[in-house]
Amino acid sequence: MPPSPASLRARAAPASPSAVQRSAELTEQYFQFVWRMLRRSGVAEADVDDAAQEVFEVATRKLDAIEFGRERAFLFKTAQLIAKKSRRMRYQRWQRESEESDGLPSSAADPETLSLHLERRRMLDTILDAMPEELRTVFVLYELEGLLTREIAELIEKPEGTVASRLRRAREIFHERASALQQGSRRAMP
């Protein structure tokens with residue numbers, strides 16, 4: 001679970017009162033979005049809080065450069081860069097030691113539900129990790145974040161037709177890989 005936006009504000013507050021207010025508003029308004037984007041962009045669950053902190057620290061340092069009305073786009077791009085850095089670090093860690101599995105959801109009580117949830121999350125992560133970044137970004141924003149193609153086009157600064165085309169290709173890849181993974185897991189069952 002993500003930390004509270006208030007804990008982030010306390011650690012990365014800028015100097016002037018108006019900057020403090022703007023930073024607090026950005027954190028409050030976009031924290032959940034940034035957290036989900038990082039997680040769905042391949043940042044390990046254990047690292048998402050730190051990555052989100054880093055996104056808002058960058059935003060705080062660059063408040064003067066963030067255009068009013070373009071805050072979400074700035075945070076999105078920053079989150080993508082930090083996610084890329086996090087994935088690279090995770091891969092390097094994985095090369096040194098065996099990769100640790102994601103934590104289990106604390107809200108589920110029975111082991112069967114926990115196992116099913118973990119398997120589905122691993123399947124989603126596997127599919128998203130293997131997807132080209134430009135397709136994964138559009139897929140996550142549309143299918144998991146619920147943004148409209150128009151909003152995605154604005155965020156990634158591409159024409160809406162490009163977004164629609166990438167979304168179509170990403171869905172095809174997702175369905176192909178999900179089917180392959182499901183068939184593989186059925187064959188592995190005794």
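Helices H6 and H7 cross in a right-handed manner (the near helix is turned clockwise from the far one by less than a right angle). The model is predicted; local features need pLDDT of at least 70, side-chain atom pairs count only at pLDDT 80 or more, and totals for chains, interfaces and linings use all residues. Residues are numbered from 1 along each chain, and side-chain values use heavy atoms, without hydrogens and water. Helices are DSSP runs of H or I with at least four residues, numbered from the N terminus.

H6 spans residues 133-144 and packs against H7 at an angle of about 140 degrees. The axes lie 10 Å apart. They are lines fitted to C-alpha atoms over the stretch in contact, with angles from 0 to 180 degrees between N-to-C directions.

In the contact (heavy atoms within 4.5 Å), H6 contributes Thr137, Val138, Leu141 and Tyr142. H7 contributes Thr149, Ile152, Leu155 and Ile156. The contact residues comprise 6 nonpolar, 2 polar and no charged. Here Ala, Val, Leu, Ile, Met, Phe, Trp, Tyr, Cys and Pro count as nonpolar, Asp, Glu, Lys and Arg as charged, and the others, Gly among them, as polar.

Thr149, Ile152, Ala153, Leu155 and Ile156 of H7 are buried (under 20% relative accessible area, 1.4 Å probe, protein chains only). These residues lie on the same side of H7, because they cover an arc of only 165 degrees around the axis. The arc is taken from the directions from the helix axis to the C-beta atoms.

Glutamate 157 has a positive phi of about 55 degrees, although it is not a glycine.

Note on methods: Buried < 20%, exposed > 50% of the residue type's maximum accessible area, 1.4 Å probe, protein only. Helix = DSSP H or I, 4+ residues; strand = E, 2+ residues; numbered from the N terminus.
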